[in-house]
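Please keep the sequence and the structure in view while reading.

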Amino acid sequence: MVLFGWYAAPESRQQATTALVIRNVTLIDGTGRPAVPNTTVVIEGTRVTAVTTQIVATPAGAQVIDGRGKFLIPGLIDVHVHLRGGSGNWANTQAMTPQQEQTGITALHSFLYCGVTTIFDAGNQASFIFALREKERADAIVSPRIFATGGTVTSPGGHGSPFFIEKWPEDRSILDTQIAGKPDMTKIGQDEHGWMARPMITKLPDDLLEKIIRYYHTKGIRTVIHISNEHDATEAIYAGVDSLAHPVIQGPISNAFVNIMKVKHIPEASTLTIGESYSRLVDHPEYLDQPLYRATLDATEIQRLRTTTAANYKNENSTRTQWMKVMTPVAQENIRKLNAIGKDIIALGTDLTNGADTQRELELVVAGGVSPADAIVIATRNSARFLGKLDDLGTIEVGKLADLVLLTADPTVDINNAKAIDTVVKNGRVIDRKTLALPVNR
């Protein structure tokens with residue numbers, strides 16, 4: 001199937017085999033257990049069928065990869081993405097255009113190129129992101145796994161759109177409209193002003209929030225909530241929310257909140273990169289020369305970021321930039337504290353739209369005091385748990401879906417080694433990174 005322009009048929013960009021064997025590799029399985037050298041991983045179809053240090057027969061017709069001197073981790077999972085290509089108006093119900101599809105696929109390919117095999121889109125034009133999700137599930141495009149919410153449920157005038165809820169049960173039909181889109185999780189917006197200096201906005205009353213969450217649970221749908229302070233996070237937890245879309249960033253978390261999370265173990269996305277990206281672009285634009293950014297962003301986009309966007313962050317939005325610069329270390333320390341008391345709490349999310357930023361998120365988590373080994377667990381097992389998909393994803397174990405990344409260096413020694421990508425496997429198939437629709441391949 002040819003899409004358009006220089007996009008090749010997706011079949012040509014991945015190797016479809018009935019079985020795949022990776023031999024003699026050092027396994028970092030995502031569970032947090034120590035690395036195991038000289039391991040053989042066998043994949044038949046889409047799932048892992050053997051993980052062993054013993055001699056094992058090679059299935060007939062299998063593709064064999066020699067993993068000597070290399071390190072195998074689960075595919076990375078970014079649990080907070082807003083995929084580029086949507087209209088910007090989440091209420092827009094128009095069908096996805098060819099240009100939107102092209103933009104979206106380029107963004108999706110950036111994730112695969114950078115070792116990200118699963119994303120959760122936490123708010124977008126529903127007609128755009130759900131159309132791409134269906135194409136991915138039908139194997140019509142080469143893409144990471146896509147989970148998505150579509151639009152956000154919030155108070156009138158609140159954080160997000162377009163599902164505004166004010167009264168119960170009168171507004172329940174609005175939730176039914178959102179549910180009709182078949183969201184993988186439902187995103188709720190709850191914030192009085194958010195991660196920056198902006199005017200006060202409205203929030204859902206706590207009793208209404210609980211009714212909304214309970215209603216989604218009766219439909220079998222998990223919930224994730226945008227919060228930025230400890231109070232809202234606590235109220236959401238006791239209203240029954242399944243995960244937090246952000247860490248607390250408005251101030252240091254209290255011992256009481258640490259204890260609540262120690263008991264509740266509610267998954268929380270890290271999303272440090274979105275805040276740090278403002279001052280990073282202003283203070284250190286040279287990061288755009290790094291290989292992963294050069295590979296996934298075209299030259300005109302890089303130039304626009306260096307000039308127009310950087311000037312905006314430095315001048316018109318200087319207050320936001322400075323606020324984020326001051327508060328990002330606060331969020332890093334809050335994440336470190338929660339990871340220290342519950343190794344299953346923090347998941348990896350960027351709030352952005354490029355795989356290079358997912359790798360940056362790993363750097364920021366580690367820079368905040370989390371070990372590289374823990375960061376790999378955060379980006380794999382914990383992120384699968386955040387999505388409610390741990391039965392299938394997040395670790396390299398028998399029975400799990402075969403989403404893997406083969407590295408040429410050990411990421412538990414230096415998290416930057418997570419960028420040393422040799423091979424990406426999604427759903428048991430090797431992704432041909434050289435034919436992804438990215439600037440590096442033009």
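The text below treats a strand, a pair of helices and a nonpolar core.

The model is predicted, so local features need pLDDT of at least 70 and side-chain atom pairs count only at pLDDT 80 or more, while totals for chains, interfaces and linings use all residues. Residues are numbered from 1 along each chain as its sequence is written, and side-chain values use heavy atoms, leaving out hydrogens and water.

Helices (H or I, at least four residues) and strands (E, at least two) are DSSP runs, numbered from the N terminus. Strand E6 is covered on both faces: Phe71 and Ile73 on one side, and Leu72 and Pro74 on the other, are all buried (under 20% relative accessible area, with a 1.4 Å probe and protein chains only). In a regular strand, side chains alternate between the two faces of the sheet.

The axes of helices H1 (residues 98–113) and H2 (residues 126–137) come within 11 Å and cross at roughly 65 degrees, the axes being lines fitted to C-alpha atoms over the stretch in contact, with angles from 0 to 180 degrees between N-to-C directions. Contact (heavy atoms within 4.5 Å) involves Gln100, Glu101, Gly104, Ile105 and Leu108 of H1 and Phe128, Leu132 and Lys135 of H2.

Leu132 also belongs to the largest nonpolar core, of 94 residues, where Leu83, Leu132 and Ile212 touch the most other members. Such a core is a set of buried Ala, Val, Leu, Ile, Met, Phe, Trp, Tyr and Cys residues joined through side-chain atoms within 4.5 Å.

How values were computed: Buried < 20%, exposed > 50% of the residue type's maximum accessible area, 1.4 Å probe, protein only.
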